[in-house]
Amino acid sequence: MPVLFSDSPALAVVLLVCVAVLGALVGILVHRLTPLFAPAPDEDDDADPATEAPSLRLPFLVCVAIGALIYMSCLARFGLSWATLDYLILFSLLFMAASVDLTYLILPNRLLVPMALCWLVFALAAADPLYYLIAGISGALVLGIGVLLVGLILGAILHQDSIGGGDIKLFAVLGLFTGISQGLLLLICSCVIGLIFALVLRALRRPFPFGPAIAIAAWIVLMFGSLFPGFSGAIIV
C-alpha cells in the first residue's frame with residue numbers, strides 16, 4: 001500500500017474522491033466519443049451484417065462507474081507517482097478502445113498509437129531508460145508475434161479468421177508495458193476472460209469482440225500481476 005494512505009488517511013480519502021470524479025468525467029467522454037469511431041460505410045463492397053449495427057453499447061452510468069473505478073484503483077495501487085500518471089493515460093485509452101470494439105468491432109490505430117507513445121515517453125523519462133526500452137520492446141515482439149502465429153495456426157485449422165489484426169496490435173502495444181513474463185500472463189487472462197465473454201455473447205446472439213477482454217486482463221495484470229506466483233513484476237516506469 002502506498003505510504004500516502006498510511007501516513008495521511010484523510011488526504012488519501014480526498015485524493016480518492018478527486019480522482020474518482022476525474023475518472024467519472026473520463027467515463028462520460030468515453031460514452032460521448034465512442035460513436036465518433038463508427039466505421040464509414042463501404043460503398044464498393046457489401047457490408048458485413050455483423051458490423052452494420054452496433055453489437056453492444058455500454059450504458060452511460062456503467063461508463064461513469066468504470067472510469068471512476070479505473071482512476072481510484074491506480075491511485076490506491078501506486079499512490080502519487082509517475083507510474084500512476086502513466087497507467088491513467090494507458091487505461092483511459094484502453095477504456096476507449098474497449099468501448100469502440102464492443103460497439104463497432106474495431107480497434108482503431110488512432111487509439112493504439114497513443115498508447116505506444118505513452119509508454120515511450122515514460123520509458124525515456126525513467127531512471128534506467130535502456131532497461132525499460134529493451135524489456136518493453138522484447139515484450140511487444142514476443143507477445144505480438146506469438147499471438148500472430150497462434151492466429152495463423154487457428155485460422156488454418158478453422159478456415160476462418162480467429163484473431164483480428166487490431167487484437168494482435170493491441171497485444172503488441174500492451175507487451176511494451178508488461179514485458180515478456182507478464183505478457184504471457186496477460187495472454188492467459190485474456191483468453192480466460194474472452195472465453196467467458198464469448199459464451200455470454202453467443203447466448204445473446206451477439207458478435208464477439210476480443211478487445212474488452214484484453215483490456216480487462218491488462219488492468220488485472222498491471223494492477224495485481226505481482227500477486228501471481230511465477231511471474232515477475234510488471235514494468236512500472
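What volume does the second largest pocket have? About 470 Å³. I'll come back to that pocket once the ground rules are clear.

This is a predicted model, in which local features need pLDDT of at least 70 and side-chain atom pairs count only at pLDDT 80 or more, while totals for chains, interfaces and linings use all residues. Residues are numbered from 1 along each chain as its sequence is written, and side-chain values use heavy atoms, with hydrogens and water left out.

Now the fold. The protein chain has nine helices and zero strands. Helices here are DSSP runs of H or I with at least four residues, strands are runs of E with at least two, and numbering starts at the N terminus. Of the 237 residues, 45% count as buried. Buried means under 20% relative accessible area, exposed means over 50%, and partly exposed is in between, with a 1.4 Å probe and protein chains only. Contact means heavy atoms within 4.5 Å. Take the contacts with a separation of 6 or more: residues 24 or more positions apart account for 75% of them.

Next, the core. A nonpolar core is a set of buried Ala, Val, Leu, Ile, Met, Phe, Trp, Tyr and Cys residues joined through side-chain atoms within 4.5 Å. The largest one holds 60 residues, and Y87, L90, F91, L94 and M115 touch the most other members. Helix α5 (82–104) is among the helices that each supply at least two residues. Look at F91. Beyond four places in sequence, F91 touches I70, C74, A218, W219, L222 and M223.

Back to the pocket. A pocket is an open set of points on a 1 Å grid over the protein atoms alone, where a 1.4 Å probe fits, with protein on both sides within 12 Å along at least five of seven lines; lining residues have an atom within 4 Å of a point. Its volume is the space filled by probe spheres set on the points, which are joined across faces, edges and corners. The second largest pocket is lined by 19 residues, with I66, A98, P212, A215 and I216 nearest its centre. α4, α5, α8 and α9 each supply at least two of the lining residues. Again α5 gives the most to this lining, with six.

On to α9. In this helix, 10 of 14 residues are buried. They include P212, A215 and A218. The buried residues pack against α4, α5 and α8.

Then the loop between α8 and α9. F210 sits there. Is F210 buried or exposed? Buried, at 12% relative accessible area. Leaving aside neighbours within four places, F210 contacts D101, D167, F171, S190, C191 and G194. F210 and D167 are 43 residues apart along the chain, yet their C-alpha atoms are separated by 6.8 Å.

R205 is in that loop too. R205 is exposed, at 80%. Its phi is positive, about 60 degrees, although R205 is not a glycine. Most residues other than glycine have a negative phi.
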